[in-house]
Amino acid sequence: MFVKPFRYERAASFGDAAAMLRQGAGSAKVLAGGQSLLPMMNLGVLDLEALIDVTHIAGASEIAQRDGYLSIGALRTHAELERDPIVAAGQPLVAAAARWVGSSRIRVRGTLGGSLAHSDPAAELPLAMVVAGATYDLTDGTTTRTVAATDFHESYFTTSLAENELLERVQVPVLGPGWGWGFAEVSRRRGDFALCAAAALVRVADGRVVESRLGLAGVAERPKRLGAVEIAVEGADATTLADRIGPIEGIDPVSDVSATAEHRRHLARVLAVRALTDAVTRGVAA
Ligand code: FAD
């Protein structure tokens, strides 16, 4: 498929990019790592008049920890999240999730903002953000609003971003003392999108779960928190966790060429147990 000619524009700031989006009136899109956008253009799914390159915006790649939060600029690549010592220390779940995204060639170009804005329901980083309780700063160039990750990811490839808005930065709560994390995934080959992925954060006292956060990707229209399982595992230790978790409710897996809905449903329970058990083990050691 041949891509139709388009204009290439380079933004110097988020305000600049928002103004260019406004001028484009729906026929322009932001270009970050290009790892989802360009394949969609090549496949003819998207027909655009302009691409607005945001990768040269100064100051959009901060990673810092302050006031109990990690502040991560939208242009940070998956590879940087995977390796950054501030992310590893502050919220290791995010670093672990980044490690599962595609191959290393994808991870050096793909960006955090691109993955979240694309909002693939099987993607790892939106899942990690929902489970970690992250918020996203969105800007239209003049005003900035903050949206919880759970509200931002609305459905299949659909977010609460307005047409002229950009995702500028993400704020992730730092993991507190006594908390452990777990991330488990099954895909057809390493680097493929998840058939199902599970992310867990657990606070442990005397070897038992006192608080937990659990989510799944790949089995619903968006990353899903599993409140019923979170409650069910309270008081369990690493050896009794699995007994508390029955078939996972509240998910809606689909059958496709990669797996049946039934297989994805099976994986949901297996991976939930695995992620929670790893989280408890790490919480005990913390
Ligand atoms: P782009 O492709 O540049 O943009 C994606 C979308 O986000 C576009 O609509 C764009 O306009 C918008 N956008 C980008 N940045 C912003 C911003 N700051 N504000 C507002 N809108 C913005 N992903 C996974 O999660 N897991 C995988 O296993 C995985 N495997 C992959 C395998 C292959 C072979 C390929 C090609 C991709 C894979 N990906 C996977 C996708 C990869 O993670 C992409 O990097 C990511 O989805 C998009 O990031 P990007 O920076 O490349 O964004």
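This is a predicted model: local features need pLDDT of at least 70, side-chain atom pairs count only at pLDDT 80 or more; totals for chains, interfaces and linings use all residues.
1. Asp137 stands opposite Arg169, a residue of strand E10.

2. Strand E6 covers residues 135-139, and it pairs with E10 in the antiparallel sense over five bridges. Strand E10 itself spans residues 166-173, and it has a further antiparallel pairing with strand E5 (residues 69-73), again over five bridges. Within that pairing, Leu70 has Val172 of E10 as its bridge partner.

3. Ile63 has its bridge partner in E5, namely Ile72. E4 and E5 together form a hairpin that has two residues between the strands. In the turn, Asp67 has a positive phi of about 50°.

4. The cut-off for a buried residue is under 20% relative accessible area. The buried set begins with Glu124, Leu125 and Pro126, continues through Leu127, Ala128 and Met129, and ends with Val130, Val131 and Ala132. A charged type is among them, for Glu124 is in the buried set and Glu counts as negative. After H8 comes Gly133, whose phi is positive, near 75°.

5. Turning to the chain as a whole, there are eleven helices and 14 strands. The radius of gyration is 19 Å, close to the 19 Å given by the globule rule for 286 residues, so the chain is as compact as a globular protein of that length. Along the principal axes, the C-alpha atoms fill a box of roughly 60 × 45 × 30 Å.

6. How much of the chain is buried? Of its 286 residues, 51% count as buried. The chain exposes about 13000 Å², of which carbon and sulfur atoms supply 52%.

7. Contacts were also examined by separation in sequence. Among those between residues at least 6 apart, 61% join residues at least 24 apart.

8. As to charge, the chain has 29 positive and 33 negative side chains. The centres of these two sets lie 4 Å apart.

Technical notes
Residues are numbered from 1 along each chain as its sequence is written. Side-chain values use heavy atoms; hydrogens and water are left out. Two strands pair if DSSP finds at least two bridges between them. Helices (H or I, at least four residues) and strands (E, at least two) are DSSP runs, numbered from the N terminus. The radius of gyration is taken over C-alpha atoms; the globule rule is 2.2 Å times the number of residues to the power 0.38. Buried means under 20% relative accessible area, exposed over 50%, partly exposed in between (1.4 Å probe, protein chains only). Contact means heavy atoms within 4.5 Å. Accessible areas come from the Shrake-Rupley method with a 1.4 Å probe; for residues, only the protein chains shown count as cover. The place of a charge is taken as NZ of Lys, CZ of Arg, CG of Asp or CD of Glu.
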